[in-house]
Amino acid sequence: KGQCVGPNVCQCFGGYEGFDCSILLDCSHLNNCSKNGICVFNNDVTGDTNICSCYLGFAGSNCSQYDCSDVNDCSGNGACMEPNLCSCSSGFEGAMCLDLSCETRSRCSGNGMCVDYEKCQCIDNWIGLSCETPTCYDVNNCSSNGLCVSPNKCECFEQYDGVNCTEEIAVNLNTPIFLNESYAAVVSENRGKGFVILTVSANDSDHGRSGEISYSIEEENIANLFMISQDSGEITVAADGVLDYESISQKQFTFTVGAIDNGIPTRSSEATVTIAVKDENDNCPVFKTFPGNYKIPVEILANDDDYGDNGQIQYSITEESDPDQKFFITSNGTLLANSILRPGAYLLTIVAQDQGVIPCARELSLTVVVDVIVSPNVLPTTTLISTEPASVMSSTIGLQQSSSLQSSTIVPEPSSSLQSSTIVSEPSSSLQSITIVPESSSSLQSSTIIPEPSSSLQSSTIVPEPSSSPQSSTIVPEQSSSLQSSTIVPEPSSSLQSSTIVPEPFSSLQSVP
């Protein structure tokens with residue numbers, strides 16, 4: 001309520017007094033300044049104890065009046081309605097109500113200028129108090145055989161023709177013919193009012209007014225979307241925002257345009273127009289998951305209002321927030337552990353990016369809180385079944401960074417040759433079992449299982465059914481602390497050439513039957 005300006009000396013803010021600025025000044029006799037000012041002590045000026053100091057835009061002893069002094073007090077041509085805001089009287093406009101408007105003269109119809117209070121000065125070829133009437137002086141005022149519809153342009157009565165309506169109309173012998181029976185175009189959704197989408201065109205072999213063509217759109221429900229120029233046949237967007245792809249239920253519009261001549265009687269023809277609206281990547285992904293503290297697993301939710309690739313979202317984690325790749329995020333937005341997580345808080349930045357040609361991305365910052373040690377997450381079982389009758393060259397399953405690979409099974413149907421089946425797992429704490437079972441096969445050349453860094457390889461079993469010659473089966477573990485057992489059990493066979501187990505560095509080899 002004040003500030004210290006010396007040892008034990010306070011300088012009070014407006015509205016307060018006393019040695020410690022604790023006393024609130026009283027302006028109840030001034031309606032407490034109408035809440036548009038503060039109560040201050042100013043005995044030197046008025047002799048009164050308390051007066052009002054009004055805020056900017058307010059005036060009067062109790063600050064109840066609006067102040068328009070910054071806008072010339074409305075120049076005497078309006079009323080001050082709010083602080084420095086004028087409501088102008090009829091015939092005036094502008095911030096200070098100084099400009100003439102001629103609003104009762106339709107602002108001179110756009111064909112003149114307001115030169116005095118409600119007085120217009122028209123440009124050439126326009127007359128009237130509001131400059132609303134065109135003149136046709138250069139075409140003999142249509143020779144009294146027609147109407148002047150715009151400067152020096154006549155619309156002749158039925159039996160007359162010509163620029164100044166002095167000629168008799170010729171017989172209307174020909175019908176307008178469109179250059180194409182149908183027209184098609186694609187327009188991007190964000191095109192604004194007046195954008196030209198396409199132009200239709202028709203020809204009429206008659207002369208004079210009988211050969212003059214006017215174009216129109218037959219369907220009234222299209223008028224709020226598309227317009228056509230009566231004279232040129234240009235089809236344009238009717239208004240801004242009407243083609244927003246996400247808002248319109250219909251993405252393609254087919255309608256009829258007509259071409260009619262000005263003969264007597266009139267002749268006309270029609271053509272079909274199809275316009276497809278194209279989605280643009282005008283929406284970015286929006287996160288539905290909010291920043292905060294979460295525990296693994298975390299479901300990240302985001303949506304994009306666009307369609308197709310523009311609305312498809314791809315999730316990722318920024319390298320800066322997770323340089324050691326301790327986490328990974330699935331295609332559907334599930335955040336999982338990628339390695340062993342120690343207790344602590346992990347601040348991550350998640351990116352949601354759409355798949356547009358020019359993609360748009362948004363970021364979300366969140367904190368993953370780990371209370372106890374978290375192991376890498378388990379990926380689901382993957383099964384591949386071959387239906388090729390002749391040969392299965394190879395099948396490969398790659399599982400990255402998983403705490404346990406429960407089983408992966410490759411079951412080929414009857415085949416003459418199964419050359420190799422390879423399962424490669426990257427860092428994993430446990431590989432429980434991998435089984436390859438060929439059916440009715442004449443030759444099993446080799447089956448190779450190569451796990452990379454793993455704490456335990458419990459067993460690998462290869463059981464071929466009757467076969468003429470299984471040549472070899474090789475199991476090569478890398479960097480493993482324990483290889484408990486590797487078993488090859490052939491069923492009746494004519495010959496078993498060799499079974500080889502080649503372990504690389506490990507701590508113990510318990511048994512090899």
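Is Thr 236 buried or exposed? With a relative accessible area of 13%, Thr 236 is buried, a class that covers values under 20%, whereas exposed stands for over 50% and partly exposed for what lies in between, all with a 1.4 Å probe and protein chains only. The structure is a predicted model, in which local features need pLDDT of at least 70 and side-chain atom pairs count only at pLDDT 80 or more, while totals for chains, interfaces and linings use all residues. Residues are numbered from 1 along each chain as its sequence is written, and side-chain values use heavy atoms, with hydrogens and water left out.

The surroundings of Thr 236 can be described through its strand and its contacts. Thr 236 belongs to strand β27 (residues 234–237); strands here are DSSP runs of E with at least two residues, and helices are runs of H or I with at least four, numbered from the N terminus. Leaving aside residues up to four places away in sequence, Thr 236 touches Gly 194, Phe 195, Val 196, Ile 197, Leu 225, Phe 226 and Met 227, where contact means heavy atoms within 4.5 Å. Strand β23 (residues 196–199) runs antiparallel to β27 and is joined to it by 3 bridges, with Val 196 standing opposite Thr 236; two strands count as paired if DSSP finds at least two bridges between them. Strand β26 (residues 226–228) is likewise joined to β27 by 3 bridges in the antiparallel sense, and there Ile 228 stands opposite Ile 235. β26 and β27 form a hairpin with 5 residues between them, and Gly 233 in the turn has a positive phi of about 80°.

Most residues other than glycine have a negative phi, and most peptide bonds are trans. Ser 75, in the loop between β8 (65–66) and β9 (78–82), has a phi near 60°, and with a relative accessible area of 23% this serine is partly exposed. Ser 106, which lies in the loop between β12 (99–100) and β13 (112–116), has a positive phi of about 55°.

In one of them Glu 93 is paired with Arg 107, the closest N and O atoms being 2.8 Å apart; the pair links distant parts of the chain, with Glu 93 in strand β11 (residues 92–93) and Arg 107 in the loop between β12 and β13, 14 residues apart. Glu 93 is partly exposed at 29%, and Arg 107 is partly exposed at 46%.

The side chains of Asp 371 and Lys 295 meet in a salt bridge at 2.5 Å, N to O, and this pair links the loop between β38 and β39 (382–386), where Asp 371 sits, to the loop between β31 and β32, where Lys 295 sits, 76 residues apart. Asp 371 counts as partly exposed at 49% relative accessibility, while Lys 295 counts as exposed at 51%.

The strands β31 and β38 also belong to an open sheet of 4 strands, in the order β31-β38-β37-β34 and with mixed pairing. Its edge strands, each pairing on one side only, are β31 (293–294) and β34 (313–317). β31 pairs with strand β38 (residues 361–370) in the parallel sense over 2 bridges, and Thr 367 in β38 is the bridge partner of Asn 293. In the loop between β31 and β32 (298–299) lies Pro 297, and the peptide bond from Ile 296 to Pro 297 is cis, with omega near -5°. A cis bond also leads from Ile 264 to Pro 265, with omega near -10°, and Pro 265 is placed in the loop between β28 (252–261) and β29 (268–278).

β28 leads on to the largest pocket, for it is among the strands, with β18 (153–156), β19 (160–161) and β25 (213–217), that each supply at least two residues of the lining. A pocket is found on a 1 Å grid over the protein atoms alone, as an open set of points where a 1.4 Å probe fits, with protein on both sides within 12 Å along at least five of seven lines, and lining residues have an atom within 4 Å of a point. The lining has 19 residues, of which Lys 153, Cys 154, Glu 155, Glu 212 and Asn 262 lie nearest the centre, and β18 gives the largest share, 4 residues.

Definitions and conventions. Salt bridge = Lys/Arg side-chain N within 4 Å of Asp/Glu carboxyl O.
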